[in-house]
Amino acid sequence: MSSIEVNNLNVWFDDKQALKGVNMTIPEKGITAIIGPSGCGKSTFIRSINRMNDIIPSCRVQGQILVDGKDLYGPGVDVTQVRKNIGMVFQRPNPFPKSIYENIAYAPRIHGTRDKKKLGEIVERCLRRAALWDEVKDRLDKSAYDLSGGQQQRLCIARALSIDPEIVLFDEPCSALDPIATAKIEDLLEELKDDYTVVIVTHNMQQAARVADRTAFFYLGELIEFGDTSQLFERPENELTENYITGRMG
Amino acid sequence: MNMLSRSAKEKLYFGLFRACGALVVLTLVVIVAYMLVGSLPVLSLDFLTEPPRGANARGGILTPLVGTIYLMIIVFAFAIPIGVLSAVYLAEYQGKGRGARFWSIVVSNLAGVPSIVYGLLGLGLFVTFAGLGRSLIASGLTLAILALPIVISAAREAIQAIPPSLREASLALGATKWQTIQHHVLPYALPGILTGVILALSRAAGETAPILLTGAAFYMSSMPDSIFSQFMALPYHVYAVATQTMAGMNGSPVVYGAAIVLLLLVIGMNLIAIIVRKRYREKYRW
């Protein structure tokens, strides 16, 4: 449960600037959706929040992202700690090719939880939290790849919760899923928003309208508009936003 | 142009492909059968457990067989760790820039160097300069260098075949890069790495030129008693018997026997690789 304060964030890939002077304060808890046409920088933005862009050699970041007042890009920040506190769920389900149990137990273990009993409790709690427990409780030792796509994505959500992050980032989590699996993930987001600060990138405007408390519209690397979802969709202040949500652009 | 109907052409090309495929299989069958028939008079357990006699022309192949196994152990001990770790460096730390291209050119050129050149290198570097003399260790190290590029390119390919999304999953959980490599990349890449390792070992097992220059003996009355002694080895034994003895020149079964044992050794290693690979594929699959 942390707020995220973004101050003048600029991101480059080689010479190409992907984000231009983004200023934005995401309050704690609730769901914040990031929308915009392809290539607008929404994925780059969300991947800046847990410093996943660091793994791309050509990427350069300038500016501040403060979480609870501490700059994620400040000197001496341990990037593994940043990622421990800020979980992420990706576009395509990417469970480890290991058992369901191992998928959840992995992160707590590398962060120091060795006790088997404790790990078992974490696995059960996270799977319950991700509404997957009843479907998998009898086959925790089976490969995660035996699960359906939607189940795999819920497993990835459970995995992200396994180290008690304050913030959970979702990068188009439903883009590879069918409508029923998507609905389940959306229900889950509703459940999570009371305990976590949820940020979700989506290319699906209906999804943003359905689940998000606040929505931000990005265009060509700039934050165009950010406000309550209902206000942004019903009375957008910026013409670009209006063009996008009414389908004249995108 | 249209003398043949489309379906006739279809049949023609399919037949051509199948014939080419069959030719490959046939080659292996002929090789094994030819060696087997040639070696029938000597093939028995004694052939494996007795040292050569009568200036190599009679007796078994115990001494060269043991020499080759020792060589494999040395190659395994040196080429595998160095090869796999440098593959990790190339695949995970080098990125995809100009440096990486330079490295891959170096590796593929190394793989193309003729084995006699490796032999000369081993002679100069290990036998003379390092003062190891003509010995098991000098030959083993020479073969290890020869095996290195095969291990590196196979391991690198296996590592690069791991989907980036799995690395991201691990990093996003706060794992360090090394933890990601250790817990995910290497275990998932292991079947592919293993294939390369076996390929490299098979190649090294069959090389004659490098060991000829660095320590293999024409005949030894006893087993090598340390890594600094000379040794007999199967491929050189085949060459020695075939060219240096009257019996060999007349097609002695000892030549075929030594050859088929070498062949079975290599095929056996491949079988082990297949079994281990299969077990790992069941454990980790994506």
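The chat below walks through a predicted model with chains A and B.

Trainee: Before we get going, is this predicted or experimental, and which sheet in chain A has six strands?

Mentor: This is a predicted model, and in chain A six strands form an open sheet in the order 6-7-8-3-9-10, with mixed pairing. Its edges are strand 6 (86–89) and strand 10 (222–228) of chain A, each of which pairs on one side only, and neighbouring strands of the sheet are turned by 20° against each other on average, if direction is ignored.

Trainee: Do strands 7 and 8 of chain A run parallel or antiparallel, and how many bridges join them?

Mentor: They run parallel, with five bridges joining strand 7 (residues 167–171) of chain A to strand 8 (residues 197–201) of chain A. If you want a pair to look at on screen, Phe170(A) stands opposite Ile200(A) of strand 8 of chain A.

Trainee: And which strands does helix 1 of chain A lie across?

Mentor: Helix 1 (residues 42–49) of chain A lies across strand 3 (31–35), strand 6, strand 7, strand 8 and strand 9 (214–219) of chain A, and runs at about 155° to strand 7 of chain A. Helix 6 of chain A also packs on the sheet, where it touches strand 6 and strand 7 of chain A, and its direction makes about 170° with that of strand 6 of chain A.

Trainee: Staying with helix 6 of chain A, at what angle does it pack with helix 7 of chain A?

Mentor: Helix 6 (residues 149–161) of chain A and helix 7 (residues 179–192) of chain A pack at about 20°, their axes being 9 Å apart. Because angles under 35 degrees count as roughly parallel, helix 6 of chain A is roughly parallel to helix 7 of chain A. The contact is made by Gly150(A), Gln153(A), Arg154(A), Ile157(A) and Leu161(A) from helix 6 of chain A, together with Ala181(A), Lys184(A), Ile185(A), Leu188(A) and Leu192(A) from helix 7 of chain A. Sorted by class, that contact of helix 6 with helix 7 of chain A has six nonpolar, two polar and two charged residues.

Trainee: How about helix 3 of chain A, where do its axis and that of helix 6 of chain A come within 7 Å, and what makes the contact?

Mentor: The axes of helix 3 (residues 100–110) of chain A and helix 6 of chain A come within 7 Å and cross at roughly 30°, and the two helices are therefore roughly parallel to each other. Their crossing is right-handed. Ile100(A), Asn103(A) and Ile104(A) of helix 3 of chain A meet Leu155(A), Ala158(A) and Arg159(A) of helix 6 of chain A in this contact, and these residues divide into four nonpolar, one polar and one charged.

Trainee: New topic: which strands does strand 1 of chain A pair with?

Mentor: Strand 1 (residues 4–13) of chain A pairs with strand 2 (residues 16–26) of chain A in the antiparallel sense over seven bridges, and eight bridges join strand 1 of chain A to strand 4 (residues 59–67) of chain A, again antiparallel. In the hairpin of strands 1 and 2 of chain A, which has two residues between the strands, Asp14(A) takes a positive phi near 55°.

Trainee: Last one, how much area do chain A and chain B bury between them?

Mentor: They bury about 1,900 Å², 64% of it on carbon and sulfur atoms, and the contact takes 25 residues from chain A and 19 residues from chain B. Phe96(A), Pro97(A) and Tyr106(A) supply 29% of the area that chain A buries against chain B, more than any other three residues.

Definitions and conventions: Residues numbered from 1 in each chain as written. Chains lettered and ligands numbered in written order. Predicted model: local features only at pLDDT ≥ 70, side-chain atom pairs only at ≥ 80, totals over all residues. Heavy atoms only, no water. Axes fitted to C-alpha atoms, helices over the stretch in contact; angles between N-to-C directions. Helix = DSSP H or I, 4+ residues; strand = E, 2+ residues; numbered from the N terminus. Parallel < 35°, antiparallel > 145°, perpendicular 65-115°, else oblique. Contact = heavy atoms within 4.5 Å. Nonpolar A, V, L, I, M, F, W, Y, C, P; charged D, E, K, R; others polar. Pairing = 2+ DSSP bridges. Left-handed = near helix turned anticlockwise from the far one by under 90°. Buried area = accessible area lost by both parts, 1.4 Å probe.
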